[in-house]
Amino acid sequence: MTGHVAQLCFITTCRGRLEHLKQSLPTFVNQPGTSCVVVDYDCPQDTAGWVAANHPQVYVVRETNRPNFEMGRSRNLGAGATRAQWLCFVDADTLLEPGFAAAVLPLLERGHYLRPFPRETEATGFCICHRDDFVRIEGYDSALQNYGMDDMDFYHRLGEEGVKSSSFPGELIRMIAHDHETRMANFTLKDRRLSIAINQTYCAAKWDLMRMRRANMPLAARLDLYRAISGSVVEAHRLRKPVDFNIPIGRRPAYYLGELGISLAYRTDGDPAVMPRIEPAP
């Protein structure tokens, strides 16, 4: 864990994106009054070794034997490696302007999380939140696999806890351009739209179950739900038919009928790989 406790800590993860990190990390570490954690998530380019040699002030978390890149789990590992009160989750393809920290630190306010505005599509995952809020919602959902929705799910659950979305000037960050193939290279599922479709369906079901139970779901239950939905969506896509998925949630006594089985039903209007993007509720 980092020794010096800065007010704000940048947390970034890297797997196969060292060339981007070589450009972006200097813009993180040069921000005064901040610290930085880099998670080497089984990176084949030895990100941990490069960071240690070139930026020794950066704390490195090294994960090995991870066959698939898991964004949520890797960010949670990074958050666990710092004692900073404010956590800034920033991808390796993001460059910070020299005055980023000076402009953003005065905007930090309990009960709020910050995202850039105006915002490029590629910057969807960039956010700053307070450690207590991060812990209260149990961080990012490590049950989510492959690409998509880890950020929207995180924001949705912050909102459910009453944490409001605020913004900082979007011109304080710049994105390193790259294609979707580069973005998908380190995920097991290479079909970007299908991956998002799986994760959208999972998040929609999980959010409904959490609302009904008024509590977060245990990780084991989330993993089971994700596996079931993933299999259903992949099969529907293979057959080019709508997803038709039901989740049994209990039984209720009914006069003259004995019992009624209750379930949540989810059905798409078409091929799940072309489903529209789900945004978190306001």
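1. Buried means under 20% relative accessible area, exposed means over 50%, and partly exposed falls in between (1.4 Å probe, protein chains only). M149 is buried, with a relative accessible area of 0%. M149 sits in the loop between α5 and α6. Helices here are DSSP runs (H or I, at least four residues), strands likewise (E, at least two), numbered from the N terminus.

2. On sources: this is a predicted model, where local features need pLDDT of at least 70, side-chain atom pairs count only at pLDDT 80 or more, and totals for chains, interfaces and linings use all residues. Residues are numbered from 1 along each chain as its sequence is written, and side-chain values use heavy atoms, with hydrogens and water left out.

3. Backbone points to check. Most residues other than glycine have a negative phi, and most peptide bonds are trans. M149 is not a glycine, yet has a positive phi of about 80°. R240 also is not a glycine and has a positive phi, of about 55°. R240 belongs to the loop between α9 and β10 (244–254). R240 is exposed, with a relative accessible area of 55%. The peptide bond joining F117 and P118 is cis, with omega about -5°. P118 lies in the loop between β6 (112–117) and β7 (127–130).

4. G148. This glycine is in the loop between α5 (131–136) and α6 (150–160). G148 is buried, with a relative accessible area of 8%. Contact means heavy atoms within 4.5 Å. Not counting residues up to four places away in sequence, G148 touches I196 and N199. G148 and G125 are 23 residues apart along the chain, and their C-alpha atoms are separated by 9.8 Å.

5. Helix α1. Residues 18–29 form α1, which has 12 residues. From first C-alpha to last, α1 reaches 16 Å, close to the 16 Å expected at 1.5 Å a residue. That expected span is 1.5 Å times one less than the number of residues. L18, H20, L21, S24, L25, T27, F28 and V29 of α1 are buried. The buried residues of α1 pack against β1 (8–14), β2 (34–41), α2 (47–54) and β5 (94–96).

6. α1 with α2. Two packed helices are described by the angle between their axes and the distance between the axes. Axes are lines fitted to C-alpha atoms, for helices over the stretch in contact, and angles run from 0 to 180 degrees between N-to-C directions. α1 and α2 pack at about 25°, with axes 11 Å apart. They are therefore roughly parallel. Angles under 35 degrees count as roughly parallel, over 145 as roughly antiparallel, 65 to 115 as roughly perpendicular, and the rest as oblique. The crossing of α1 past α2 is right-handed. A crossing is right-handed if the near helix is turned clockwise from the far one by less than a right angle, and left-handed if anticlockwise. L18, L21, K22 and L25 in α1 meet T47, W50 and V51 in α2. By class, this contact of α1 with α2 has 5 nonpolar, 1 polar and 1 charged. Ala, Val, Leu, Ile, Met, Phe, Trp, Tyr, Cys and Pro count as nonpolar, Asp, Glu, Lys and Arg as charged, and the others, Gly among them, as polar.

7. α6 with α8. The axes come within 11 Å and cross at roughly 15°. α6 and α8 are therefore roughly parallel to each other. Their crossing is right-handed. M152, D153, H156, R157 and E160 of α6 contact C203, K206, W207, M210 and R211 of α8. The contact of α6 with α8 comprises 4 nonpolar, 1 polar and 5 charged residues.

8. α8 with α9. How do the axes of α8 and α9 cross, and at what angle? The axes of α8 (residues 192–213) and α9 (residues 219–239) come within 9 Å and cross at roughly 135°. α8 and α9 are therefore oblique to each other. α8 passes α9 in a right-handed crossing. Among the contact residues are L194, I198 and Y202 of α8 and L225, I229 and V233 of α9. The contact of α8 with α9 has 11 nonpolar, 4 polar and 2 charged residues.

9. I173. This residue is in strand β9 (residues 173–175). I173 is buried, with a relative accessible area of 7%. Its contacts, not counting residues up to four places away in sequence, include L95, F100, P116, F126 and F168. I173 and R115 are 58 residues apart in sequence and 11 Å apart in space, C-alpha to C-alpha.
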